[in-house]
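Please read it alongside the model.

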Amino acid sequence: MVTPVVQVRLADAGDLFLTWRWTSGASGYGSGQVPGAELAETTGLLASALPGHGAEGMRRAFLDSALCGYAGESDLAAALAETLWPVQLTEQLRAVAAETGTRPTVRIQPSPRVAQVPWELLAVDADTRLVELADLATSVPISLRRGTSAAPQATDRVVLVLDPRVPGTRPGGALGSVLGQADADPGLLAMVRRHVDAGRVEPGQATGRADLDRDWLGAALRGGARRLLYVGHVSSAPVDGGQSEDAQLHLCCGPDTIGFADVTRGHRPLSAKDLLLGTLSARADGVAGAELWPAPERVALIACESGGDLRFAESFGLGSAMIHNGAALVTATRWPVPTSHAFQRLTGLAESVRPLTELIVAVDHAHEGPDPVRQLGDWQRAQLARWRDGGRIEHSPLLWGALTTLVA
């Protein structure tokens, strides 16, 4: 049976304008408009609830935000739905699900002002969140849609880049370890072991490799891969600067590495601009980014604001670059991601409770399956059920609500 799909597009023009159209499995369309003042008030509530950068921004989110308790989070979800989500579309989703016996897919192309909205959480009524009615994905603009990957396609290899050591940084510093002592993390080790035992992972080691730089990554991708899973640091570009291509992925690249990003703390990050232009402007025989770093079919970037591309009027960040270079889908995050250590330090969770590891394993599992968007939605629905039942901080959408999957 064909999965019903509805495409939702939003546009900023003083007010917020919304249109939707069913593209498969059903027919229908509609439109809506949100006054600019109402939109600003509601998105302001969301902004005050999201984790911020640095220790203070994360502390505030855990201890003094709407997302750290179920009552406040559900009120926020209701406010977002009341402002942003048309009742008529909810009715259509329910009718289509009843008629077809399957959960529809909603593909949302957000405008910059609503790019960080966790659409999955929207409380479309007192008992129902949007993720319970539909599987959700973020649709990238047509101008960024999938190119042709230069990587060999006949492969099932997984390229893992887990917590690479960033030159010039301290373990506990701003660009230090994301995963902590990985060799003491049974969930992470079990995930890596499954890939190693299957004989289809590169490299065959869990975390902390000092040689995982852009040259290594390029060689691994050009050798053929079906998936890339990166867990580490991303530095997003400032929105007011308007240069989304300055978003940076932190690998093990030293200061002498050639690239567009400035050297920072003794290393040179890999920017979205690098992924686009490669070495074309650096030398006469330069190579385009898609040839140097051909993206596999499925990419996961688990790092702070790795999916922040669409906050820009001209969006070309890391997720978009991966799609431009050949990926069909990219799972990334809308806002800064709290580590398991942050959960433990700020809320007193036991060291054995590792919410970030659970998220990484869930994304890995979803990307292994036939329908990553639906499987990731299943995991989010399970997390929502736990959050409703117990309101425990490790099940808060502070973490899992950040995930979004960009689709070409």
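The model is predicted. Several elements of domain 1 each give two or more residues to the side that touches domain 2. They are helix 2 (54–63), helix 3 (70–84), strand 4 (105–109), strand 6 (128–129), helix 5 (130–133) and strand 7 (135–139). Helix 2 gives the most, with five residues. By class, this side of domain 1 has 22 nonpolar, nine polar and nine charged residues.

Salt bridges also cross the interface of domain 1 and domain 2: the rule finds four. Elsewhere in the list of side-chain pairs, arginine 374 and aspartate 135 meet in a salt bridge, at 2.5 Å from N to O.

## Domains and buried area

The contact draws 40 residues from domain 1 and 35 residues from domain 2.

About 3,200 Å² is buried between domain 1 and domain 2. Carbon and sulfur atoms give 63% of that area. Which residues of domain 1 lose the most area to domain 2? They are Phe62, Tyr70 and Thr138. Together these residues account for 22% of what the domain 1 side buries.

An open sheet of 11 strands runs in the order 3-2-1-4-7-16-15-14-10-8-9. Its pairing is mixed. Strand 3 and strand 9 (201–202) stand at the edges. Each has a single partner strand, so one side of each is left without a neighbour in the sheet.

Strand 8 (residues 158–162) and strand 10 (residues 227–231) supply a parallel pair, joined over five bridges. Here valine 158 has arginine 227, in strand 10, as its bridge partner.

Strand 1 (residues 5–13) and strand 2 (residues 15–24) run antiparallel and are joined by nine bridges. Glutamine 7 stands opposite arginine 21 in strand 2. The hairpin of strand 1 and strand 2 has one residue between the strands. In this hairpin, glycine 14 takes a positive phi near 80 degrees.

Strand 2 also pairs with strand 3 (residues 29–34). These strands run antiparallel too, with six bridges between them. Tryptophan 20 has glycine 30, in strand 3, as its bridge partner. How many residues lie between the strands in the hairpin of strand 2 and strand 3? There are four. Glycine 25 in that hairpin takes a positive phi near 75 degrees.

Another open sheet has three strands, in the order 11-12-13. The pairing is antiparallel. Strand 11 (234–235) and strand 13 (270–271) are the edge strands, and each pairs on one side only.

Two bridges join strand 11 to strand 12 (residues 248–249). Across this pair, valine 234 stands opposite leucine 249 in strand 12.

Key: Residues are numbered from 1 along each chain as its sequence is written. This is a predicted model: local features need pLDDT of at least 70, side-chain atom pairs count only at pLDDT 80 or more; totals for chains, interfaces and linings use all residues. Side-chain values use heavy atoms; hydrogens and water are left out. Contact means heavy atoms within 4.5 Å. Buried area is the accessible area (1.4 Å probe) that two parts lose on being put together, summed over both. Ala, Val, Leu, Ile, Met, Phe, Trp, Tyr, Cys and Pro count as nonpolar, Asp, Glu, Lys and Arg as charged, and the others, Gly among them, as polar. Two strands pair if DSSP finds at least two bridges between them.
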